[in-house]
Amino acid sequence: MKKLFLDDIRTIEMVYDKSMESEFDIVRTYEDFVEYIKENGLPNFISFDNDLGLDKNGIVALDGLACAKWLVYESKLDLRNLEFKVHSANPVASEQIRGLLTNYINHLNKK
């Protein structure tokens, strides 16, 4: 089972049990998230942070919600079996990510 951890700062053991560390691949940016999925395919599980810091130009980086939107609107991947968790400390963004992915997956499963 492939698992992906999206977070600019946290390590796996800051969110999950340390024994799970080897189960995850880590990506730190929107660009790395998209590249990882294009190269490796959709993982079975994604753990989302939202706020991903600043980009190399010092501007607020694309966030976890942008990653979720890419999955839904651009990736053309079948997300029906995707499992995910939002571990972001940002409550508004967490609900946006959760809502977008849950609603889209429910829509796909009704087809």
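The legends below describe close-up views of a predicted model.

**View 1. Helix α1 and its buried residues.**
Helix α1 spans residues 30-40, and its buried residues are Tyr30, Phe33, Val34, Tyr36 and Ile37. These residues lie on the same side of α1, because they cover an arc of only 160 degrees around the axis. An α-helix has 3.6 residues a turn, so residues three or four places apart point the same way. Lys38 and Glu39, on the other side of α1, are exposed. The cover over the buried residues of α1 includes strands β1 (3-6), β2 (24-27) and β3 (45-48), together with α2 (64-74). Just after α1 comes Gly41, with a positive phi of about 85 degrees.

Helix α2 is largely enclosed by the rest of the structure, because eight of its 11 residues are buried. The buried residues of α2 are Gly64, Leu65, Ala66, Cys67, Ala68, Trp70, Leu71 and Val72. Elements that cover them include β1, α1, β3 and α3 (91-110). At the start of α2, the backbone nitrogen of Leu65 has a side-chain oxygen of Asp63 within 3.3 Å. Lys76 follows α2 and has a positive phi, near 60 degrees.

**View 2. Ile97 in helix α3.**
Ile97 belongs to helix α3. With a relative accessible area of 0%, Ile97 is buried. Apart from neighbours within four places in sequence, the residues in contact with Ile97 are Phe48, Asp49, Asn50, Gly64, Leu65, Ala68 and Val86. Of these, Gly64, Leu65 and Ala68 are among the buried residues of α2. From Ile97 to Tyr30, the C-alpha to C-alpha distance is 14 Å, and the two residues are 67 residues apart in sequence.

**View 3. Val86 in strand β4.**
Strand β4 covers residues 83-86 and contains Val86. Val86 counts as buried, at 11% relative accessibility. Its C-alpha atom is separated by 4.6 Å from that of Phe48, although Val86 and Phe48 are 38 residues apart along the chain. When residues up to four places away in sequence are not counted, Val86 touches Phe48, Ser94, Ile97 and Arg98.

**View 4. Asp49 and its charged neighbours.**
Asp49 is placed in the loop between β3 and α2. This residue is buried, its relative accessible area being 4%. The side chains of Asp49 and Arg10 are joined by a polar contact of 3.3 Å. Asp49 and Arg10 are also linked with Asp7 in a network of salt bridges. Side chains of opposite charge can pair when their charged atoms come close. Not counting residues up to four places away in sequence, Asp49 touches Leu6, Asp7, Asp8, Arg10, Gly64, His87, Ser88 and Ile97.

**View 5. A nonpolar patch on the surface.**
Leu54, Ile59 and Val60 form a nonpolar patch on the surface, and together they have about 330 Å² of accessible area. Val60 is in the loop between β3 and α2. With a relative accessible area of 65%, Val60 is exposed. Asp49 has its place in that loop, between β3 and α2, but Asp49 is buried.

**View 6. The salt bridge of Lys3 and Glu23.**
Lys3 and Glu23 form a salt bridge in which the closest N and O atoms are 2.5 Å apart. This pair links distant parts of the chain, 20 residues apart, with Lys3 in strand β1 and Glu23 in the loop between β1 and β2. Lys3 is buried, with a relative accessible area of 12%, whereas Glu23 is partly exposed, with a relative accessible area of 36%.

**View 7. Further salt bridges.**
The count of salt bridges in the model comes to seven. One of them is formed by the side chains of Glu21 and Lys18, with an N to O distance of 3.4 Å. Glu21 counts as partly exposed, at 32% relative accessibility. In another salt bridge, the side chains of Arg80 and Asp78 meet at 3.0 Å, N to O. Arg80 is partly exposed, with a relative accessible area of 38%, and Asp78 also counts as partly exposed, at 44% relative accessibility.

Definitions and conventions
Residues numbered from 1 in each chain as written. Predicted model: local features only at pLDDT ≥ 70, side-chain atom pairs only at ≥ 80, totals over all residues. Heavy atoms only, no water. Helix = DSSP H or I, 4+ residues; strand = E, 2+ residues; numbered from the N terminus. Buried < 20%, exposed > 50% of the residue type's maximum accessible area, 1.4 Å probe, protein only. Contact = heavy atoms within 4.5 Å. Arc of directions from axis to C-beta. Polar contact = N/O pair within 3.5 Å; in protein donor to acceptor, adjacent residues only side chain to side chain. Patch = residues over 30% accessible without salt bridge, like charges linked within 9 Å, V, L, I, M, F, W, Y side chains within 5 Å. Areas by Shrake-Rupley, 256 points an atom, 1.4 Å probe, with all protein chains shown as cover. Salt bridge = Lys/Arg side-chain N within 4 Å of Asp/Glu carboxyl O.
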